[in-house]
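Here is a quick tour for anyone meeting this structure for the first time. Take a look at the model, then read on.

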Amino acid sequence: MTSNTVPQPSSAPPWQNWLPQISVMDRYLAKELAMPFLFGVGAFSSIGVSVGTVFDLVRKVVEEGLPIHLAMQVMLLQMPYFIVLSFPMSTLLASMMAFGRLSNDSELVALRSCGIGVYRIVAPALVLSLFVTGLTFVFNEALVPAANYQATTILERALGTDDNQPSFREENIFYREFSEVEQPDGEKKSILSRVFYAERYDGKQMLSLTIIDRSQAGISQIVTAKSAVWNSQERAWDFRDGTIYLVAPDGSYRDILRFEQQRLQLPRTPLDLAVRDRFSNELNIAEAQERLAILRQSGERAEITKLELRIQQKYAFPFICVGFGLVGSALANRRHQRLGRATSFGVSVVVIFAYYLLAFLMDALARTEFLSPMVAAWLPLLVVGALGTGLLVRAAR
């Protein structure tokens, strides 16, 4: 007699069938990595806040009369910045402490005796590194710049520094504009089409201006004025008490026009150059790119290089989590290598110090234009990644 048993449908929801199956070993290793990672975030961010913020805020409370509730608010706003800095360091510490504990208890030996290779063992650590990389990028773009800017604004208002120090560039606002001109042979050439110079800016208007305009073919003009104000509705400049000199192609004056008020269609860029910009750690990548476009028109080479470097660093920094994950996993998986918690923490500090020393050196070389901003920002990451890969290959042998 045969039994016609009807298969019972699975009690799991249908959508779970589409999810990747996580093995028991992966869940176990993920649990081992999670606690050291959270410990590292708490420890490293606390140290960063204490050294980088708390001592300075206490001094401002005692010496400059900063209200305590505002000091607490500033400290909370600066916490995301230090938490993001702790993510790569915590990834390194977590991989070293987790695999170090497994090595000390001979669990790594047991896994290898079952035929599980080093690459498979460290896979959960690399997945964690990739996740933290994405988390770091999101924090750096969506949360940290706005929080840093708000903290700076609160401090300036509370201490009155926004009144004592103008939030704009007061003297020598200089702007150059270039345009592409097609040559007789068909090749396009970039030529200087307009020069804008203002002797002073008082926060409301430009003073003592000179503009050389060569943007129209066959006509050049020189505009001088005592003052000019940006008209946001008309998106043009309102010049007052000035003179327009029309210059012929042969260099002679064609006409001289004096005016009490004249509206000219010139770009807003000179005003953008005069107004003090936010610091690089208060800008996300899109805002930094907009600021860079303005600086490139100003010709301020040092500021352009600095901002180009900061933008590349914003791209490169999250990926150091992967590099640290490789280094930590490789060091802790070396045969006959036993790492206690104290040793793991000490080795992590050494690796972190070496990385930031290299990054500082690359930063200095980029500022002197010895290295390009892209090379200076990505080279430390490549060095750490190559070191981690080499150590991991050696541990797998």
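Predicted model: local features only at pLDDT ≥ 70, side-chain atom pairs only at ≥ 80, totals over all residues.

Residues are numbered from 1 along each chain as its sequence is written, and side-chain values use heavy atoms, with hydrogens and water left out.

**The big picture**

- The protein has eleven helices and six strands; these are DSSP runs numbered from the N terminus, with helices (H or I) of at least four residues and strands (E) of at least two.
- Of its 397 residues, 41% count as buried, where buried means under 20% relative accessible area, exposed means over 50%, and partly exposed is in between (1.4 Å probe, protein chains only).
- Take the contacts between residues at least 6 apart in sequence: 64% of them join residues at least 24 apart. Contact here means heavy atoms within 4.5 Å.

**What the UniProt record says**

- An unreviewed UniProt entry carries the annotation "transmembrane region" for residues 33-55, 75-100, 121-139, 315-332, 344-362 and 374-393. UniProt positions are given in the numbering used here, feature names are shortened, and annotations may be inferred rather than shown by experiment.
- In the model, residues 75-100 are 100% helix and 0% strand, and the end C-alpha atoms of that span lie 35 Å apart.
- Residues 315-332 come out at 83% helix and 0% strand, with 28 Å between the end C-alpha atoms.

**Helix H9 against helix H11**

- H9 covers residues 320-332 and H11 covers residues 373-396; their axes come within 8 Å and cross at roughly 30 degrees. Axes are lines fitted to C-alpha atoms, for helices over the stretch in contact, and angles run from 0 to 180 degrees between N-to-C directions.
- That angle makes H9 roughly parallel to H11, since angles under 35 degrees count as roughly parallel, over 145 as roughly antiparallel, 65 to 115 as roughly perpendicular and the rest as oblique.
- H9 passes H11 in a left-handed crossing. A crossing is left-handed if the near helix is turned anticlockwise from the far one by less than a right angle, and right-handed if clockwise.
- On the H9 side, the contact residues include Ile-320, Phe-324 and Val-327, and on the H11 side they include Leu-381, Val-384 and Leu-392.
- By class, this contact of H9 with H11 has eleven nonpolar, four polar and no charged residues. Ala, Val, Leu, Ile, Met, Phe, Trp, Tyr, Cys and Pro count as nonpolar, Asp, Glu, Lys and Arg as charged, and the others, Gly among them, as polar.

**Helix H2 against helix H9**

- The axes of H2 (residues 68-104) and H9 come within 8 Å and cross at roughly 20 degrees, which makes H2 roughly parallel to H9.
- The crossing of H2 and H9 is right-handed.
- Among the residues that meet are Phe-87, Leu-92 and Met-96 in H2, and Ile-320, Phe-324 and Leu-331 in H9.
- The contact of H2 with H9 has twelve nonpolar, seven polar and no charged residues.

**A residue in helix H10**

- Val-347 sits in helix H10 and counts as partly exposed at 24% relative accessibility.
- Setting aside residues up to four places away in sequence, Val-347 touches Met-96 and Leu-331.
- Val-347 and Leu-92 are 255 residues apart in sequence, yet their C-alpha atoms are 9.5 Å apart in space.

**Residues in the strands**

- Arg-194 lies in strand S2 (residues 188-201) and is buried, with a relative accessible area of 9%.
- Beyond its neighbours within four places in sequence, Arg-194 is in contact with several residues, including Tyr-175, Glu-177, Asp-213 and Leu-266.
- Asn-231 lies in strand S4 and counts as buried at 16% relative accessibility.
- Not counting residues up to four places away in sequence, Asn-231 touches Ala-236, Asp-238 and Arg-263. Asn-231 and Arg-263 are 32 residues apart in sequence and 8.9 Å apart in space, C-alpha to C-alpha.

**Loop residues with a positive phi**

- Arg-235 is not a glycine, yet has a positive phi of about 50 degrees. Arg-235 lies in the loop between strands S4 (219-231) and S5 (236-247) and counts as exposed at 55% relative accessibility.
- Glu-369, also not a glycine, has a positive phi of about 65 degrees. Glu-369 is found in the loop between helix H10 (341-367) and H11, and is partly exposed, with a relative accessible area of 47%.
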